[in-house]
Amino acid sequence: MPELPEVEALKDFLTEHLVGREIVRVLPVAISVLKTYEPPLSALEGHEVTAVHRYGKFLDLATGDGPHLVTHLARAGWLHWKDRLPDGPPRPGKGPLALRVALETGAGFDLTEAGTQKRLAVYVVADPQEVPGVARLGPDPLADDFDRDRLARLLAGERRQLKGALRDQSLIAGVGNAYSDEILHAAKMSPFKLAASLTEEETDRLHAALRETLTEAVERSRGVAAGRLKAEKKSGLRVHGRTGEACPVCGDTIREVSFSDSSLQYCPTCQTGGKPLADRRMSRLLK
C-alpha cells in the first residue's frame, strides 16, 4: 500500500508533470472506483491543473476555478505516468486499469488496481474536505507543528496498542502497515505496547523515530520516477516484509505476527526484550 512517503513523492512528480497542463479527457474504465457523481468527471475537462496536494494518503489535483480530482490508491492501486497515452479510448474489461486522465500534450496517467479487492477510490469535489476520508484525517506527522508534545496529547488515554494507534488515520495521517513497523523498530518498541503507557523518554523516542523514519523515506523517494517508487520503498525497509532475514541492527531473526488480512514484522532483540510475540489474538508475549 502506498503510504505517506510514496504519496508525497507522487505529489512532487505530478506537480512537475501536471501543473500548468490542461486536462482534456477523464475516462472511467472501472465505474466502481468513482465515489462521487456530482460534479461529473467531465467537469474536469478543459481545466488547467494548478496544484497537487497530499492529505495523508490522499492525492488532490486542483484545477483552479474547476473541481478537484482526489484519489486514494488503497492497498493495491497505483498511478502510471505515460509521456504518450495510447491512441483511442481504453476498453473496459477484467484488467487492472480503472481510470485514465489525458492532457492536451498527449501525455497523462492511468490509475490501476491489482487483485480482486477493489478499494481504489476517486472523488470529484469542489473542496477536498468533502471527501469523508480527508475530513476525518488526524494531523500530518511531517507538519512543522507536529512536535513531541502534540504526539503525547494524541496518545494520552489511548488504550490501543501502538501498532494500531499509529495506523489510525484519524489519529495520525499517512502511516500504514509498513511504516508503522519501521517506526516501532527504530523506536525499539513492541507493536503490542499500549499507546497510553509511554513514559516521557519513550514518547521522545517514538516522536524522533516517527519523524526520522518518514523524512528519510521521503528523501529516498524524492526525484524517483512514479514507476520505480514501489521498488524504492521495498529497498528501504529494514523489518517490514523481511520475515526470516537478519535484523540490520542486531542480527536477530526478524519475526512475524499474522492477522486475517495483514501481518506485522519486528525484531525480538530490538523491540521485545528477546521474546517472540504471541499470536495477535492472545495479545501478550509468549512465556
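What follows is a set of questions and answers about this model. It is a predicted model, in which local features need pLDDT of at least 70 and side-chain atom pairs count only at pLDDT 80 or more, while totals for chains, interfaces and linings use all residues. Residues are numbered from 1 along each chain as its sequence is written, and side-chain values use heavy atoms, with hydrogens and water left out.

Q: Why is L99 called buried?
A: Buried means under 20% relative accessible area, exposed means over 50%, and partly exposed lies in between (1.4 Å probe, protein chains only). L99 has 1% relative accessibility, so it counts as buried.

Q: Which residues does L99 touch, beyond those up to four places away in sequence?
A: Contact means heavy atoms within 4.5 Å. By that rule, L99 touches V26, L27, P28, V29, L41, F109, D110, L111 and V122.

Q: Are E158 and R160 buried or partly exposed?
A: E158 has a relative accessible area of 14%, so it is buried. R160 has 31%, so it is partly exposed.

Q: What does the salt bridge between K233 and E6 tie together?
A: Its closest N and O atoms are 3.7 Å apart. Helices (H or I, at least four residues) and strands (E, at least two) are DSSP runs, numbered from the N terminus. K233 lies in helix α7 (residues 229–236) and E6 in helix α1, so the pair ties together parts that are 227 residues apart in sequence.

Q: How do you know that strand β8 is largely enclosed?
A: Five of the five residues of β8 (residues 121–125) are buried, so the rest of the structure largely encloses this strand. A121, Y123 and V125 are buried on one side, and V122 and V124 on the other.

Q: Why are β4 and β8 said to pair?
A: Two strands pair if DSSP finds at least two bridges between them. Strand β4 (residues 68–72) and β8 have five bridges, in the antiparallel sense, so they qualify. Within this pairing, T71 stands opposite V122.

Note on methods: A salt bridge is a side-chain nitrogen of Lys or Arg within 4 Å of a carboxyl oxygen of Asp or Glu.
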